[in-house]
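Visitor: Could you show me how to read pockets and buried residues in a model like this one?

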Amino acid sequence: MLIMNLNENIEKVGERIRKAAESSGRKEEDITLIAVTKTHPPDTLDEAIRNGITDVGENRIQEAENKFFDVIERKKAVWHFIGHLQRNKAKKAVKFFDVIHSVDSESLAKELNRLVENKIDIFVEINIGKEEQKSGIMPADTFSFCESITKYEKLNCRGLMVIPPIGNNPEEVRKYFRATADLQNELNKRNIFENTLTDLSMGMTDDFETAIEEGATHVRIGRAIFGPRKEFHKR
Ligand SMILES: *Cc1c(COP(=O)(O)O)cnc(C)c1O
């Protein structure tokens, strides 16, 4: 099931990323496009990778497990886990994924640290809109939480990740992106981690340009590349 215009969509998104980077005085190379392939079959992932996609994102372990080995070009891509990760699925997560964007509890951090052989890149997920139904660390707990995971030496924390509240337009979510960047700057100022946090995972189809203007380094984009999702399962 090949998607019409996939190559064109990838180019258009790339162009929008370039423009957003340029208009905010940043370099396009500093922004990683993660193509979010959830609900899409293995041949679509292959087509995307053959059209220049270097990074793919999935949000469910079960789905990733079902399709991973059917993706012929899987080794050419960096695999990002972007959904909520239950501790009992951490073992599979480290098997399939190179980066975990959604570390949101100490027990998960501990388990990932126990399971990985060498090191794994992670992001700490912040519930930046303090929404009850969402996972992520509450903004006020960011410093104590990050402090609590610095002892897990195999976790290479690259920065913060957020899924802000849904707004009616990108301007409404700008304040959440800015607040996330501010939190990250403060973490760096306080030297919570040994290394400086350089990355920010934020921005999706409806708001990625705003996210880039506010400092995003990893934008996670599904619909602008693959079209609407056929939601045969819940998110
Ligand atoms: C689905 C998903 C995305 C991509 O959303 P689009 O609106 O299709 O670009 C990004 N991040 C996460 C965590 C997702 O689950």
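This is a predicted model: local features need pLDDT of at least 70, side-chain atom pairs count only at pLDDT 80 or more; totals for chains, interfaces and linings use all residues.

Visitor: Which strand gives the most to its lining?

Guide: That's strand β6, residues 155–162, with three residues. The lining includes L155, N156 and C157, along with I122, F193 and E194. Sorted by class, the lining comes out as six nonpolar, three polar and three charged residues.

Visitor: Now the strand residues. Is V103 buried or exposed?

Guide: Buried means under 20% relative accessible area. V103 has 0%, so it counts as buried. You'll find V103 in strand β4, residues 99–103.

Visitor: What does V103 touch, beyond residues up to four places away in sequence?

Guide: Its contacts are L108, A109, L112, I122, F123, V124, E125 and F145. I122 also turns up in the lining of the second largest pocket.

Visitor: And H101, buried or exposed?

Guide: H101 lies in strand β4 too, and its relative accessibility is 0%, so H101 is buried.

Visitor: Which side chain makes a polar contact with H101?

Guide: That of H80, at 2.8 Å. Leaving out neighbours within four places in sequence, H101 is also in contact with other residues, among them F123, E125, H218 and R220. F123 and E125 are on the V103 list as well.

How values were computed. Residues are numbered from 1 along each chain as its sequence is written. Side-chain values use heavy atoms; hydrogens and water are left out. On a 1 Å grid over the protein atoms alone, a cavity is a set of points where a 1.4 Å probe fits but cannot get out, and a pocket is an open set with protein on both sides within 12 Å along at least five of seven lines; lining residues have an atom within 4 Å of a point. Helices (H or I, at least four residues) and strands (E, at least two) are DSSP runs, numbered from the N terminus. Ala, Val, Leu, Ile, Met, Phe, Trp, Tyr, Cys and Pro count as nonpolar, Asp, Glu, Lys and Arg as charged, and the others, Gly among them, as polar. Buried means under 20% relative accessible area, exposed over 50%, partly exposed in between (1.4 Å probe, protein chains only). Contact means heavy atoms within 4.5 Å. A polar contact is a pair of N or O atoms within 3.5 Å; within protein, one must be able to donate a hydrogen and the other to accept it, and residues adjacent in sequence count only if both atoms are side-chain atoms.
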